[in-house]
Amino acid sequence: ERFGLLEGLGVDRAELEVRDLAAHIAEAKHVDAVLDLVGNSTILDSLTMLRRGGTACLAGWLGGLDPIADFNPLLQMSSGVNLTFFGSFVFGTEGFPLSDVPLQEIAAKVRDGHLDAAPSHVFSFDQIREAHRVMEAGEAGGKMVVVVD
């Protein structure tokens, strides 16, 4: 139901997540990169989609943090694929300083209209209850802003 929203944001194609997505897409074994936001429950399937030299980045844990049972990279990863992970919790640490994030470049792209970063909803502070309701109901469709005067 949100594919239209994604396409409106510039996504070329979206797939509904299923347990064995690699078995349902024709491009399996030809994919350059996978950004896996679901996590441990889907990363093995994400790795299955990759071509030799492809990379899967585990960057989310929406599906929980349960460990991958009996994970054995030698048997469960194709030879020549790469697995990496990124946790946003490292931003601002010595190894990942905030100065590495090109905030000025991003702001310039927004200003020049090359990057659409408009919030989906803007609420005044006295509308905070409605903002919370929209968020909890999954109706946000993007970032929401509450203006505090």
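Predicted model: local features only at pLDDT ≥ 70, side-chain atom pairs only at ≥ 80, totals over all residues.
**Close-up views of the aromatic rings and their setting**

View 1. Residues are numbered from 1 along each chain as its sequence is written, and side-chain values use heavy atoms, with hydrogens and water left out.

**View 2. The protein chain with its helices and strands.** Five helices (DSSP runs of H or I, at least four residues) and five strands (runs of E, at least two) make up the elements of the protein chain, and from the N terminus on they run α-β-α-β-α-β-α-β-α-β. The radius of gyration, taken over C-alpha atoms, is 19 Å, well over the 15 Å that the globule rule (2.2 Å times the number of residues to the power 0.38) gives for 149 residues, so the chain is more spread out than a compact globule. Along the principal axes, the C-alpha atoms fill a box of roughly 55 × 40 × 30 Å, and of the 149 residues 19% count as buried.

**View 3. The aromatic pair of Trp61 and Phe89.** A search of the whole structure finds three aromatic pairs, where rings of Phe, Tyr and Trp (its six-membered ring) pair if their centres lie within 6.5 Å, and planes under 30 degrees apart count as stacked, over 60 as edge-to-face and the rest as tilted. Trp61 and Phe89 form a tilted pair, 6.4 Å centre to centre with 35° between the planes. Trp61 lies in the loop between strand 2 (50–58) and helix 3 (73–76), and Phe89 in the loop between strand 3 (82–85) and helix 4 (103–111), so the pair ties together parts that are 28 residues apart in sequence. Trp61, at 30% relative accessibility, counts as partly exposed, whereas Phe89, at 57%, counts as exposed.

**View 4. The aromatic pair of Phe86 and Phe96.** Phe86 and Phe96 form an edge-to-face pair, with 6.0 Å centre to centre and 75° between the planes. Phe86 and Phe96, which are 10 residues apart, are each placed in the loop between strand 3 and helix 4. Together with Phe91, these two residues form one aromatic cluster.

Technical notes:
Buried < 20%, exposed > 50% of the residue type's maximum accessible area, 1.4 Å probe, protein only.
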